[in-house]
Amino acid sequence: SLHDALPIFDSSTKKKKIVTLYSFNGSGKTLLSNKFNALNDDKRIRYNRTLCYNAFLEDLFSWNNNEQIFLFDANSWEAKLIKDEGLQDKITDNFKAILNTKIEPSFSSDMKEITFCIPSDEDATNIKISRGEESTFIWVIFYTILQTAIDMLNEKEEDRSISMFNKLKYTVIDDPVSSMDDTNIVTTAIKLIETIESHEGNELKFWLF
C-alpha cells in the first residue's frame, strides 16, 4: 500500500528507513508527484507542504541559445527563496562538488538569467553546459533548497529565519538522474542519503521514484 511505502522511523537507530518506489515509464510517477505538489496551491496556505522534484521543476528553466544563457522563472517561489536566503554560493558549491568540475554558475541579480563559466579560463565564459550538467544543475537547485528546509526544521520554530517550511510533510523526487553518468549518480545518491539522515525529526516523509 502507499502507507507501507512511506519511510518510517527506526527507533533503534534513530534514523529514517528510506524506501524507493520503482515503476515503469508511463505508469504515472509524474502525475502522482504533481498531486503532492498541488498541496502547495491553496493560496490560503502560507507554508510549503511538499518539496517536489519532477518535470514541472525542470520546466522553470530554458536556454537562450543565441546568448548561451540559462533562463530561470524569477516569479517562482524557488527563485525568490534562493535570492532572499542568498543560496547562490551554496548552489555553486554543491554543483562543483557533485560534478567535480571547475564550471561555475552565476545568477543575475533579478534571478532571471544564469550563465556558466570557468573562472580560470578567459575563453570559457558564457558556455553552454552539456545535457548531463544541465540536469545536475537543476537537481542541485532542488537539493540545496531541501538542505535549507531540513536545516530550518532542525531548529526550534521560533529560531527559524523563514517559516515557509514549518508545515513541510513530504519530499517527492521523480527521476533526477536520467541524464547523469554513473559516477554522478552515485555521488548524488550518497549526498541525498546524508541529507535525509540529517533530518532530526520524524514528520518529514520521502518518496523517491
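A: Accessible areas here come from the Shrake-Rupley method with a 1.4 Å probe, and for residues only the protein chains shown count as cover. Computed in this way, the accessible surface of the protein chain comes to about 11600 Å², and 47% of that surface belongs to carbon and sulfur atoms. The model is a predicted one, which should be kept in mind throughout.

Of the 209 residues of the chain, 44% count as buried, and the secondary structure consists of 7 helices and 9 strands. Among the contacts in the chain with a separation of 6 or more, 66% are accounted for by residues 24 or more positions apart.

The part of the surface to look at closely is a negative patch, formed by Glu155, Glu157, Glu158 and Asp159. Glutamate 157, one of these residues, is placed in the loop that lies between helix α6, residues 131-153, and strand β8, residues 170-173. Its relative accessibility is 49%, so glutamate 157 counts as partly exposed. The cut-off matters here, because exposed means over 50% relative accessible area and buried means under 20%. Membership of a patch rests on another limit, since its residues need over 30% relative accessible area and no salt bridge.

Glutamine 68 sits in the loop between β4, residues 61-64, and β5, residues 69-72, and its phi is near 55°, a positive value in a residue other than glycine. With a relative accessibility of 31%, glutamine 68 counts as partly exposed. Although asparagine 126 is not a glycine, it has a positive phi of about 50°, and its relative accessible area of 30% makes it partly exposed.

Threonine 92 is found in helix α5, which covers residues 88-99, and its relative accessibility is 9%, so threonine 92 counts as buried. If its neighbours within four places in sequence are left aside, threonine 92 is in contact with Glu104 and Pro105.

Key
Residues are numbered from 1 along each chain as its sequence is written. This is a predicted model: local features need pLDDT of at least 70, side-chain atom pairs count only at pLDDT 80 or more; totals for chains, interfaces and linings use all residues. Side-chain values use heavy atoms; hydrogens and water are left out. Patches are made of residues with over 30% relative accessible area and no salt bridge: like charges are joined within 9 Å, nonpolar side chains (Val, Leu, Ile, Met, Phe, Trp, Tyr) within 5 Å. A salt bridge is a side-chain nitrogen of Lys or Arg within 4 Å of a carboxyl oxygen of Asp or Glu. Lys and Arg count as positive and Asp and Glu as negative; His and the chain ends are not counted. The place of a charge is taken as NZ of Lys, CZ of Arg, CG of Asp or CD of Glu. Helices (H or I, at least four residues) and strands (E, at least two) are DSSP runs, numbered from the N terminus. Buried means under 20% relative accessible area, exposed over 50%, partly exposed in between (1.4 Å probe, protein chains only). Contact means heavy atoms within 4.5 Å.
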